[in-house]
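Here are a few exercises to work through with the structure open. Try each task yourself before you read its solution.

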Amino acid sequence: MKKVDERRIEDLLSQLTLEEKINMIHGVAIFHSGGVPRLGIPPLKMSDGPMGVRKEFAYDSWINVGTTDDLVSYLPSNSALASTWSRDLAYKTGKVLGAEARGRGKDVILAPGINIKRSPLCGRNFEYMSEDPRLVEELVVPLVKGIQENDVAACVKHLAANNQETDRLEVDTYVDQRSLREIYLPGFKAAIDKGESHTIMGAYNRLYGEFCSQSRYLLTELLRDEWGYDGAVISDWGAVHDTKEAAESGLDIEMSVTANFDDYYMANPLLEAVRNGEIKEEYIDKKIRNILRTMLRLNMLGEDRKNRVPGTYNAPHHREAIQECAEESIILLKNENNRLPLQKDKLKTLAIIGQNGERVHAGGGGSAEIKALYEISPLLGMKMELGGNVEVKYAKGYYVPTKEEKELNWQQDSLEKQTITKEEAELKAEKQEKETRARQEELLQEAVALARDTEEVILVVGLDHEYDVEGGDRKDMKLPYGQDRLIKEVLAVNPSAIVVVVAGSPIEMGSWADATSAIVWCYYAGMEGGRALAKVLLGKVNPSGKLAETFPKTHMDCPAHKLGEFGNYGKITYNEGVYVGYRYYDSYDIDVEFPFGHGLSYTTFKYSDLKVEVDQTNKEDVDVRIQVTIENTGSVYGAEVVQVYVSDKEASVDRPIHELKGFEKVYLKPGEKQNVNITLNKDSFSFYDVESKRFVVEPGEFEIQLGSSSRDIRLVETIIL
Ligand code: BGC
């Protein structure tokens, strides 16, 4: 972490009264802590979140300020970013996010969210990156660096094991130490050690019985003592539950959701406890040091302020980075007989079917919501790219119930808030359901008729932020709003229809995946998402996105559901251990819809000349230098993500069949060849040994596998360590 002049911290600390210190360690507004104007200490101003800087709220409530000066660039979600497998794009989009946060006058941007995608059903998966810790490590570091170059702090969240939304405020997670260390923590450790993240957010949930945001184990023993973290730890909003525990843990700032700021656990109750000797003032001093150190790192104090980066938002070059990221995030899942790209010259009419064609998503999802300057939908993007000579027809295809309709169903459940009798509510709901079904039928028939009459049909289906949402998990992976039926009926009349899925987490595709020749996947890809998608469909951009998570056939195949517990209230045990995602599917040979790392291109790549050199001259570490030649053997420019998996042939502990340890994205012209070099170190061969409480490498045979996905291994070489 960046060194600062600690004397300046001690000098300020010595001048602070206890009351002033207390004011600095809790929210005095929904999104900022208290400052000390007398000493020139400002508050820490914070804002969500991962996809851009959130709209402005009143200081003491969740009411929108409502002006138009908080419109911002809408960035691709972390799931989209992770699909690019590009460190460079992580850095570039990080720079955009940081610049926009500073431009909006913020000190801390509450991002990125990097929790592991343990189950496809977690409502916040769209905000997270991957099921694989190495991929998270590699992307979070440049992302945090990019953000922080703008003198704004990243706030990597949510430490730790915050992998479900059900009961998220209370749920108690039991994950064994090895899995915690190998799967759930590496992203956070890398964000601190290599990314130097100035702040970290504690999670809502409990771990081993303790609330994460005030956990002695997590915040003191692990984060402070073991990892030596000296930045600021911020609680999730309302995640603190006890004054003494919070005060004596490694937490620095308590934030919450209500306006009774003086009553927060680390406000007046703490002041009292220090005054009457129950809690030592030295605990408070530690927090102040961490906060002041963070402020110094951000050029927030004294004369430093003159040098602080000003930032800006909605700059045209921000949109360029966003567009590049969106383009590289799109994943071509299936493309039988080169069905895609569409031949623009031959197109006269085109039908887009499905409401995700016209819907925009920026404003939903929970704290990740964005008041976007604009958002290009797939339909708009297609029209923009095609111009006036192609007639683009559109049919909604499926019906999305309105807010009132949902309200009514909800009212039926909640007798408390009911203004009509139960019987009346039931009757009304029944009528509503009938109407909904009728509307659905009408839209479906209209879409089928259009599909029958139009040669080129693109179905744009998927999820929205009713499903990909903070505070709730999905019940299953099924497509909502009768979309499975829509897809099947459209394919029945027009078998060449293409399926585009816009969603933040995997869906079941089994009932129609075989019947369609092309499937394109688009996560919530930001303001330029629709244009990027259109460019991919029309071949102006060759898709290069790769899945950063396995798409299982159903959630019941997922180890979190099959072996472990998920979505329960109370206590959750991660019985699947380290067998998360492909570590499980590949080890146990489970049939999946699309494997981890998968993504097609309009060109082809040849892997050859694998050379692996082991250098063990350094006693402390090992260098395994891998070189492979990648050739673009097709006729268009394209990019390939070369993936390196390591398989430990014999170990004293049970290890997954292989684990991703390295990757590189290469961009090649047709016919072009490039040597790709990847070096693996000790940490790519080790596992966490619970006895000695450290990562160990056991000597023996390891297989180095190079491939285009976890299930498309092209070259293999065995080494001995
Ligand atoms: C979320 C955090 C977010 C915070 C502030 C919480 O509900 O879990 O991710 O940063 O609210 O909006």
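This is a predicted model: local features need pLDDT of at least 70, side-chain atom pairs count only at pLDDT 80 or more; totals for chains, interfaces and linings use all residues.

**Exercise 1. Work out whether N314 and N338 are buried or exposed.**

First, the cut-offs: buried means under 20% relative accessible area, exposed over 50%, and partly exposed in between (1.4 Å probe, protein chains only).

- N314 has a relative accessible area of 19%, so it is buried.
- N338 reaches 62% relative accessibility, so it counts as exposed.

Then check the backbone. Phi of N314 is near 60 degrees, a positive value in a residue other than glycine. N338 isn't a glycine either, and its phi is positive at about 45 degrees. As for location, N314 is in the loop between α11 (281-297) and α12, and N338 is in the loop between β11 and β12 (349-353).

**Exercise 2. Check the span of helix α12 and find what covers its buried residues.**

The expected span is 1.5 Å times one less than the number of residues. Helix α12 (residues 316-329) has 14 residues and so should span 20 Å; its end C-alpha atoms are 20 Å apart, which agrees. Now pick out the buried residues of α12: H318, A321, I322, Q323, C325, A326, E327, E328 and S329. Their cover includes α3 (78-84), α4 (87-103), β11 (331-335), α17 (529-537) and β23 (659-668).

**Exercise 3. Describe the surroundings of G366.**

Begin with the loop between β12 and α13 (378-386), where G366 is found. At 27% relative accessibility, G366 counts as partly exposed. Contact means heavy atoms within 4.5 Å. Leaving aside neighbours within four places in sequence, G366 is in contact with R54 and E470. L223 is 143 residues away along the chain, and its C-alpha atom is separated from that of G366 by 28 Å.

**Exercise 4. Compare the radius of gyration of the protein with that of a compact globule.**

The radius is taken over C-alpha atoms, and the globule rule is 2.2 Å times the number of residues to the power 0.38. For 721 residues that rule puts a compact globule near 27 Å; the protein has 26 Å, so the two agree. Along the principal axes, the C-alpha atoms fill a box of roughly 80 × 75 × 50 Å. To finish, consider the whole fold: the protein has 19 helices and 28 strands, and 62% of its 721 residues count as buried. Among contacts with a separation of 6 or more, 76% come from residues 24 or more positions apart.

How values were computed:
Residues are numbered from 1 along each chain as its sequence is written. Side-chain values use heavy atoms; hydrogens and water are left out. Helices (H or I, at least four residues) and strands (E, at least two) are DSSP runs, numbered from the N terminus.
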